[in-house]
Amino acid sequence: MKKVAMMKMAVGGTVSCAAFMFAQAAFAAPCMKITLTGTQGGPPVFKGQAGAGTLVQYGDDSNKCGAVKLQFDAGRGTTQRISQVGVPVAKLNAVFLTHMHSDHTEGLTELMQLRWHFFSKGPKIDFVVSEDAKSPKGHVLSGRNFAKHIGDALIQSGEMAQRLAENSKRAPGGPADLINVIAFAPAADPSVVWSSGDIKVSAITSRHIPGHASYRVDTPAGSVVIGGDAGNDKAKPPRSSSTSEQVEKLANGVDVIVHSTIHPVMGPDKDSGFPPPIYFRQSTATDLGAMAKRVGAKHLMLTHLIPPMGAAKQGPYPIPGGALSEDSYKQSVTAGGFSGNAIVGTDLVTLQLPVK
Ligand SMILES: [Zn+2]
């Protein structure tokens, strides 16, 4: 009220103008859209599913909730998928990677190449990733190197020199020139790694491979956690859950959880032959349901489904009891105690907040 009174004084009685501004603000209600750009779990491919990724858009009614566009992971086919929802690669503000596994990163190569072709003069894209992480065996997972060398194959083939020769206005170093690396050291407590206006993105460390991080986006329209492939810090049972305690901390009070998922049918007790260490480093649908309930989430979006719905195999591994359905996943989530909105992910499924 004080502010209104001051405005009235400042504008000398143009009350109708102030009222108009407030009416505009009321009309431009903030909103966000969460789109699964790919739901394939791991390196296999099944019936054209794109590799893992989540597009988070935020804005208001006047821009279809799309003033800011953030891509979390960019698996195979991300460029095609975002084109299907009308998002050109040039319009992405930032890409965030959960970890350096190809099923979460390989789509970024073609995405950046396309950006280089037509938008070399545009703004750089923020590339938010963990600092280099050394494994106990000595190998290093490096988002920095991934960004630096993203165009290398096409540079080495000679194509880039040829294209620059016919259009010298493009960035001379290839798509790497268009990436602004923002590397952070993921910690056991959430820390803000990116922000713009009233959007804030926080990250936390989580176990899967060295350098794995999970993210949370907070906006006035709602909040979402993108867990990635996070699993529990304890590499195998006995443990309280397959889910990550850090992700649970990050997800406290969140509206939506988007999380990679493995179905319990792939467990070592079911004889699929699926390697137990790979099973144990993912979160099961049942445990995700339990975690979503504990943190009070309203929506749980399962993605990166292992196995895909309808598939007879996960890569070379047969599914015990045959292909899984949407109900198979939903029942597994319900068994964890979650009674909110469970979405078993398919490519391009979208959730808008606030829910109308
Ligand atoms: Zn993965």
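Start with the whole chain in view. With 356 residues, a compact globule would have a radius of gyration near 21 Å, and the chain has 22 Å, which agrees. Keep in mind as you look around that this is a predicted model. The cartoon shows twelve helices and 18 strands. Of the 356 residues, 47% are buried. Among contacts in the chain with a separation of 6 or more, 68% are between residues 24 or more positions apart.

**Stop 1: helix α5**

Select residues 107–119, which form helix α5. At 1.5 Å a residue, these 13 residues should span 18 Å, and the end C-alpha atoms are 18 Å apart, so expectation and model agree. Which residues of α5 are buried? They are Gly107, Leu108, Thr109, Leu111, Met112, Gln113, Arg115 and Trp116. As you look along the helix, recall that an α-helix has 3.6 residues a turn, so residues three or four places apart point the same way.

Now pick out Leu111, which lies in α5. Leu111 counts as buried because it has 23 C-beta neighbours inside 10 Å, and the cut-off for buried is 20 or more. Leaving out residues up to four places away in sequence, Leu111 touches Ala74, Thr78, Thr79 and Val89.

**Stop 2: two loops**

Move to Glu131, in the loop between β5 (125–130) and β6 (133–134). Glu131 has 14 C-beta neighbours inside 10 Å, so it counts as partly exposed. Beyond its neighbours within four places in sequence, Glu131 is in contact with Ala183, Phe184 and Ala185.

Next, select Pro210, in the loop between β10 (199–205) and β11 (213–219). Pro210 is partly exposed too, with 18 other C-beta atoms within 10 Å. Not counting residues up to four places away in sequence, Pro210 touches Ala133, Lys134, Ser135 and Leu141. Show Val140 as well: Pro210 and Val140 are 70 residues apart in sequence, with 8.3 Å between their C-alpha atoms.

**Stop 3: a pair of helices**

Bring up helix α11 (residues 285–295) and helix α12 (residues 326–335). Their axes are 6 Å apart and they pack at an angle of about 50°, so the two helices are oblique to each other. The crossing of α11 and α12 is right-handed. To see where they meet, show Ala285, Thr286, Leu288 and Gly289 in α11 together with Tyr329, Ser332, Val333, Thr334 and Ala335 in α12.

**Stop 4: backbone details**

Most residues other than glycine have a negative phi, and most peptide bonds are trans. Zoom in on the bond from Pro237 to Pro238: it is cis, with omega near 5°. Pro238 sits in the loop between β12 (222–226) and α9 (245–250). Another cis peptide bond joins Ile306 and Pro307, with omega about 0°.

Where is His304 found? Look in strand β14. His304 has a positive phi, near 50°, and counts as buried with 31 C-beta neighbours inside 10 Å.

Finish at Leu348, in the loop between β17 (341–344) and β18 (350–353). Phi of Leu348 is also positive, near 80°, while its 16 C-beta neighbours inside 10 Å make Leu348 partly exposed.

Methods
Residues numbered from 1 in each chain as written. Predicted model: local features only at pLDDT ≥ 70, side-chain atom pairs only at ≥ 80, totals over all residues. Helix = DSSP H or I, 4+ residues; strand = E, 2+ residues; numbered from the N terminus. Expected span 1.5 Å × (residues − 1). Buried ≥ 20, exposed ≤ 12 C-beta atoms within 10 Å, placed from the backbone. Rg over C-alpha atoms; globule rule 2.2 N^0.38 Å. Contact = placed C-beta atoms within 7 Å. Axes fitted to C-alpha atoms, helices over the stretch in contact; angles between N-to-C directions. Parallel < 35°, antiparallel > 145°, perpendicular 65-115°, else oblique. Left-handed = near helix turned anticlockwise from the far one by under 90°.
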